[in-house]
Amino acid sequence: MATATVQSKISTNNILHLDLSRNELWNISTDALEPLASTLRTLDISRNWFESLPESIGATLLALKELRATHNLLKPNALNVDALKACV
């Protein structure tokens, strides 16, 4: 019996909304999000364990219009609001 290997590559060119909520995440790398920089409009990282977010998240995600980060362990001033304003 012959077997075939199927290789597929997920294209990130058209991902507009990414829901990473409820995954017990505590860290996110801007390098991991960089392929989505020009298309991602909504990022949901709510209900995880984030204490802070990368300072460059606003500069990395150029098309971002909505960031949902509720129900985390974010400390006061954990978000660089000025960097996020550049996204709006």
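Mentor: A residue counts as buried under 20% relative accessible area, as exposed over 50%, and as partly exposed in between. Keep that in hand. This model is predicted.

Trainee: In what order do the elements of the protein run from the N terminus on?
Mentor: Three helices and three strands are present in the protein. Read from the N terminus, their order is β-α-β-α-β-α.

Trainee: What share of the residues of the protein counts as buried?
Mentor: The cut-off is under 20% relative accessible area. The protein has 88 residues, and the buried share of them is 32%.

Trainee: Among contacts between residues at least 6 apart in sequence, what percentage joins residues at least 24 apart?
Mentor: A contact here needs heavy atoms within 4.5 Å. Take the pairs at least 6 apart in sequence; those joining residues at least 24 apart make up 62%.

Trainee: How much of the accessible surface belongs to carbon and sulfur atoms?
Mentor: The protein has an accessible surface of about 6,400 Å². The part on carbon and sulfur atoms is 51%.

Trainee: Is Trp26 buried or exposed?
Mentor: Trp26 sits in the loop between strand 1 (17-19) and helix 1 (30-33). Its relative accessible area is 61%. The cut-off is over 50%, so Trp26 counts as exposed.

Trainee: Which residues form a nonpolar patch with Trp26 on the surface?
Mentor: The patch has about 400 Å² of accessible area together. Beside Trp26, its members are Trp49 and Leu73.

Trainee: Is Ser21 buried or exposed?
Mentor: Ser21 also belongs to the loop between strand 1 and helix 1. Leaving out residues up to four places away in sequence, Ser21 touches Asp44, Ile45, Ser46 and Asn48. Its relative accessible area is 15%, so Ser21 is buried.

Trainee: Which residue's side chain joins that of Ser21 in a polar contact?
Mentor: The contact runs from side chain to side chain. At 2.5 Å, the partner of Ser21 is Asp19.

Trainee: How many residues apart in sequence are the parts that Arg68 and Asp44 tie together?
Mentor: Arg68 forms a salt bridge with Asp44, with 3.8 Å between the closest N and O atoms. Arg68 lies in strand 3 (residues 66-68) and Asp44 in strand 2 (residues 42-44), so the sequence separation of the parts is 24 residues.

Trainee: With which residue does Glu51 form a salt bridge?
Mentor: The closest N and O atoms of the pair are 3.3 Å apart, and the partner is Lys75. Glu51 lies in the loop between strand 2 and helix 2 (57-60), and Lys75 in the loop between strand 3 and helix 3 (81-85), so the pair ties together parts 24 residues apart in sequence. Glu51 is partly exposed at 39%, and its salt-bridge partner is Lys75.

Trainee: How many salt bridges does the count come to?
Mentor: Glu51 bridges to Lys75. The count comes to three.

Notes: Residues are numbered from 1 along each chain as its sequence is written. This is a predicted model: local features need pLDDT of at least 70, side-chain atom pairs count only at pLDDT 80 or more; totals for chains, interfaces and linings use all residues. Side-chain values use heavy atoms; hydrogens and water are left out. Helices (H or I, at least four residues) and strands (E, at least two) are DSSP runs, numbered from the N terminus. Buried means under 20% relative accessible area, exposed over 50%, partly exposed in between (1.4 Å probe, protein chains only). Accessible areas come from the Shrake-Rupley method with a 1.4 Å probe; for residues, only the protein chains shown count as cover. Patches are made of residues with over 30% relative accessible area and no salt bridge: like charges are joined within 9 Å, nonpolar side chains (Val, Leu, Ile, Met, Phe, Trp, Tyr) within 5 Å. A salt bridge is a side-chain nitrogen of Lys or Arg within 4 Å of a carboxyl oxygen of Asp or Glu. A polar contact is a pair of N or O atoms within 3.5 Å; within protein, one must be able to donate a hydrogen and the other to accept it, and residues adjacent in sequence count only if both atoms are side-chain atoms.
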